[in-house]
Amino acid sequence: MDYTIEIEQQTIWIKNQNTTIAYCRYSDNGDIEYIYVQPMYRLMGFGRKLVQEAQRITGKVGVPQEPVSPMGQHFFAALEKYS
C-alpha cells in the first residue's frame with residue numbers, strides 16, 4: 001500500500017492518494033494527545049507507526065493523555081504488550 005507520512009505542528013498524518021488514513025497529535029515530551037485511524041485501516045499497523053514516529057521525533061516514550069477512550073485503552077494496552 002502506498003502512503004506518505006507528513007509532519008506539521010506536532011501532528012503526524014499518514015495519507016494515501018485518496019484520503020487521510022490516520023493521524024496523531026503529540027506533545028514535546030512524547031505524550032500522545034490524540035490518535036485516530038480510519039476504521040477501514042485499523043489493525044494494519046498505522047496506529048503503531050504513528051506512535052513510533054512521535055517517539056522518533058521527540059526522542060521520548062510518551063503516554064496517552066487523558067481521557068482515553070475504551071478503544072484507545074485497548075490499543076495502548078496491546079501496543080505495550082507486543083512491543
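A: A polar contact is a pair of N or O atoms within 3.5 Å; within protein, one must be able to donate a hydrogen and the other to accept it, and residues adjacent in sequence count only if both atoms are side-chain atoms. In this structure, the side chain of Asn16 makes such a contact with the side chain of Tyr41, at 3.2 Å. The model is predicted: local features need pLDDT of at least 70, side-chain atom pairs count only at pLDDT 80 or more, and totals for chains, interfaces and linings use all residues. Residues are numbered from 1 along each chain as its sequence is written, and side-chain values use heavy atoms, with hydrogens and water left out.

Q: Where is Asn16 placed, and is Asn16 buried or exposed?

A: Helices (H or I, at least four residues) and strands (E, at least two) are DSSP runs, numbered from the N terminus. Asn16 lies in the loop between strand S2 (11-15) and S3. Buried means under 20% relative accessible area, exposed over 50%, and partly exposed in between (1.4 Å probe, protein chains only). Asn16 counts as buried because its relative accessibility is 18%. The side chain of Asn16 also reaches the backbone nitrogen of Thr19 at 2.8 Å. With contact taken as heavy atoms within 4.5 Å, Asn16 touches Asp2, Tyr3, Ile21 and Tyr41, not counting residues up to four places away in sequence.

Q: Which side chain makes a polar contact with the side chain of Ser27?

A: It is the side chain of Asn29, at 2.3 Å. Ser27 sits in the loop between strand S3 (20-26) and S4, and Ser27 counts as buried at 10% relative accessibility. Residues up to four places away in sequence set aside, Ser27 touches Gln10, Glu33, Thr58 and Gln65.

Q: How many aromatic pairs does the count come to?

A: Rings of Phe, Tyr and Trp (its six-membered ring) pair if their centres lie within 6.5 Å; planes under 30 degrees apart count as stacked, over 60 as edge-to-face and the rest as tilted. By this rule there are six aromatic pairs. One of them is Tyr3 with Phe46: the ring centres are 5.4 Å apart and the planes stand at 85°, so the pair is edge-to-face. This pair links distant parts of the chain, 43 residues apart, with Tyr3 in the segment before strand S1 (4-8) and Phe46 in helix H1. Tyr3 is partly exposed at 32% relative accessibility, whereas Phe46 is buried at 5%. Phe75 and Phe76 are also edge-to-face, because their centres are 4.9 Å apart and their planes at 70°. Trp13, Tyr23, Tyr34 and Tyr36 form one aromatic cluster.

Q: What is the volume of the largest pocket, and which elements give two or more residues to its lining?

A: On a 1 Å grid over the protein atoms alone, a pocket is an open set of points where a 1.4 Å probe fits, with protein on both sides within 12 Å along at least five of seven lines; lining residues have an atom within 4 Å of a point. Grid points are joined across faces, edges and corners, and a volume is the space filled by probe spheres set on the points. The largest pocket has a volume of about 720 Å³. The elements giving two or more residues to its lining are strand S4 (32-37), helix H1 (46-58) and helix H2 (70-81). H2 provides the largest share, seven residues. The lining has 27 residues, of which Ile35, Val37, Met71, Gly72 and Phe75 lie nearest the centre.
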